[in-house]
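Trainee: Please take a close look at one part for me: the place where the two chains meet. What is there?

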There are 2 protein chains.
Amino acid sequence: MSQALKRRSGGGAARRAARSGIRIEAAPVPQRQIPLNEMLSAQTLDLIEANADTVLEEIGVTFADNPAALERWRAAGASVDGERVRLPKGLARKLCATAPERFTQIARNPERNVEIGGDGFVMAPVYGPPFVRDATGERRYAQMEDFRTFVKLAYMSKWLHHSGGTVCEPTDIAVNERHLDMLMAHATLSDKPFMGSVTDPSRAQDSVDLCDILFGGLNDRTALTSLININSPLTFDATMMGALEVYAAANQACIISPFIVGGAMAPVSVVGTLTQVLAEVMAGIAYSQLVRPGAPVIFGTFVTSIDMNSGAPTFGTPEATQILCGAGQLARRMNLPFRSGGGLCGSKLPDAQAAYESANTLNAALMGGVNFMLHSCGWLEGGLVASFEKFVMDADQLGALHKLAAGVSADEEAQAMDAIREVGPGGHYLGCAHTQAHFQDAFWRSDLFDHRPYETWAEDGAPDTRSLAATRVQTLLNAYTPPPLDPEIEARLVAFVEDRKAVLRSEH
Amino acid sequence: MSQALKRRSGGGAARRAARSGIRIEAAPVPQRQIPLNEMLSAQTLDLIEANADTVLEEIGVTFADNPAALERWRAAGASVDGERVRLPKGLARKLCATAPERFTQIARNPERNVEIGGDGFVMAPVYGPPFVRDATGERRYAQMEDFRTFVKLAYMSKWLHHSGGTVCEPTDIAVNERHLDMLMAHATLSDKPFMGSVTDPSRAQDSVDLCDILFGGLNDRTALTSLININSPLTFDATMMGALEVYAAANQACIISPFIVGGAMAPVSVVGTLTQVLAEVMAGIAYSQLVRPGAPVIFGTFVTSIDMNSGAPTFGTPEATQILCGAGQLARRMNLPFRSGGGLCGSKLPDAQAAYESANTLNAALMGGVNFMLHSCGWLEGGLVASFEKFVMDADQLGALHKLAAGVSADEEAQAMDAIREVGPGGHYLGCAHTQAHFQDAFWRSDLFDHRPYETWAEDGAPDTRSLAATRVQTLLNAYTPPPLDPEIEARLVAFVEDRKAVLRSEH
């Protein structure tokens, strides 16, 4: 234990970080001490719940190419017609009741364990982009080296609690081996919790097996939170369900998440979309509980609006905020952890459009009660692109969310009556005792934005945010050192990956 | 009347606008149908109110160089010691009780009249910058022509309900004449309501006199809402109070607004700052009611956080959001209209920093219950700069606030059960009847942002938001035609301004 602690303190890392002025810090998961945005009335929520039950009973959901799932449903009392599963009213909600209200996802550094649910707000980076955009402004296919860079940036980002999953698609690695390299990057370059593969049930199993090595035996502890998308409307495909079955059986967490471009995969109205979202999530979570009652899950919602002219998904819009907040209310009524939000935007560049759209979504996520925020940082161009600069821009804003979540102190020191007395009319607070005692931590401080005098800034070349962000990316990467890992475990991980790759190549 | 209506329809304007694809529209003031962000507990609000009363009683406020004000205070039961006015507990709040809960500010186009207070959310442009920044990226001193350009842009902006006041400082006009040219620009280039001068009591009187001409006799109708800053901490200077006295006597509205850089003009804590804000606003509003009971006022709050390293004010920070929301709660407890917020930012460019900071503030203003939002658009560099591009960026975002404020419909059409039935599992909503019926207005649509496919956008030169905004500025200005004005009234306005300028020059 003392050996482990010594390793964790990372002498080399600390020295290098000290030289760069960058400290490797990780903020605890913020617990909201503020009221949430309860945008929909209880009456509207009742209506949505009743309608969702009607959808499940009348229309039902499709479990495609999955006879075992149909068998489970039949046994649970659903009506199965071909691949269509119809649930009598109340059944889905009843089955969902065994899902835990919150759960702990362990990290290999126990200080980085996260509890998901309740008032907590866990933040994880962007997931899924096939492209990256770097400081040169070039947009190109992502590679494994880019993936590692994002994992390092996430490790260096104080306000990220989670290393995420497919931070970008490493297109230079064979599709059937990719997941192993991605898992290794999360396991070795970071000590924060991470996500497993969902692109095939066997890859989900690889994810579980790798964690079993990393954590010295999982013993039913939850070490993975993975993203199970629903193929909206109302369809559960065999690949995603196969991964869900692996994870649920191993007590690993799944985000059950409709993936909806509004007006295409769901009705154009907020309440209609929420009805479908609820029906889908209830069916998915109910199914997870059929696989293993008590398996940890998250009520997921990923809904964008659509630009009806171009058909492009749009982000940071009022309808997206309304759906996010409404879905959060529905999740809380089911006592389930809630996933949504992130620094979502449609912009192709890390410019003002990107920032308006992302800030709108980040604020909605805070106030909408999100417990697990995927895509917290780095997302660009509707999720097609992971941007290094956008990553550090958004990651910086997450600090503001932490401070907001903490709420407002009203203790005697915060009342500051002595300061008001000391300064009096026409005075100045900068020198007073209260200010001197608190100025270091009174205000949240951006690590990125420019607050220099105009002249100083102009002499420095008048950098815009993108340019400041490019500099910060380099500063963080220069200060990076990997968190220490037991060499024996690392060797076993390497051997596992080599063995699996050999098998996969022989199958190929 | 029919003549006036004919003029208002503006045949030339309509034709020109049609050619450009730009319609001259003005959205009604949105009425919030959503719950507000009640960030502070009732207990904390009680505490702040009690402490503010203590501040007024123990410390008091200074009314500088204003013997008449001291006399009014003495007569009202305050204790006056030199220029220091101390109010027995409860007095300020009692005097504030005659201030109206809401009031109507008339515009010369009656369709543009605004009611300020209640659930309404009136949006006005940036106020006060000595510099402008234009599409070339150049930062320079503002001139009268820039001022006129901003008034035109505000007139062309659908989501702005108000033409504002000093949209920038026209530094090419003599200080003692400037207010006349500014008032004329608002009165002739726009038909939206506007603000009066506060830089001297005589200029406030000029503002009232000009409106008396413009409106064919004011007869106690409120035609001006003007910005009375408090010289925080706890000081009311003679210039601002002189303007307030003129306006209140004429039943014109004043925003009574502490201007606070936190940590400099108020304590570094949220609750301490709110205590001082409340004490100052109560003293200011109480004074307005001593001048004329029932005079319309707005509970103003302009508070920024501070970068303790550089001393620069910072915007879009969590503390600013907390103070905004808390001040809104205090204003509602006093049944007074509330002013705060805007597209505030510290950034020197209309870049991502500007947009993150502005979006944070705009969202806080929506949820914090702001009734009158100054600086809604165009603000840059801590208010030193008015930016044409930032103006249209923020103004576009105001549309999203309108949609959010409207809340979520849950009627049968919004429930969309028929659409869900029609499409079914695995189907597609784009072609269904419900989507076809609603796609035009289902989603708020940006008039600025880029949602084109990557390739189309790249072929078009890969424009960033700033570049798109520069194009929109030109499109709006090209489509601009002034709203028609009765030539007789215009002639009287011109004569009034000429007369006043002649007098002012002779005094000079």
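Mentor: Chain B and chain A bury about 9,000 Å² between them, and 67% of that area is on carbon and sulfur atoms. Buried area is the accessible area (1.4 Å probe) that two parts lose on being put together, summed over both. This is a predicted model, in which local features need pLDDT of at least 70, side-chain atom pairs count only at pLDDT 80 or more, and totals for chains, interfaces and linings use all residues. Residues are numbered from 1 along each chain as its sequence is written, chains are lettered from A and ligands numbered from 1 in the order written, and side-chain values use heavy atoms, with hydrogens and water left out.

Next, the salt bridges. There are eight between chain B and chain A. Each is a side-chain nitrogen of Lys or Arg within 4 Å of a carboxyl oxygen of Asp or Glu. One salt bridge joins the side chains of R421(A) and E58(B), at 2.8 Å from N to O.

Last, the symmetry. Chain B is superposed on chain A by a rotation of 180° with 0.0 Å of shift along its axis, and the RMSD is 0.0 Å. In chain B, the C-alpha nearest the axis belongs to A352(B), 2.1 Å from it.

Definitions and conventions
Least-squares fit on C-alpha atoms with pLDDT ≥ 70 in both.
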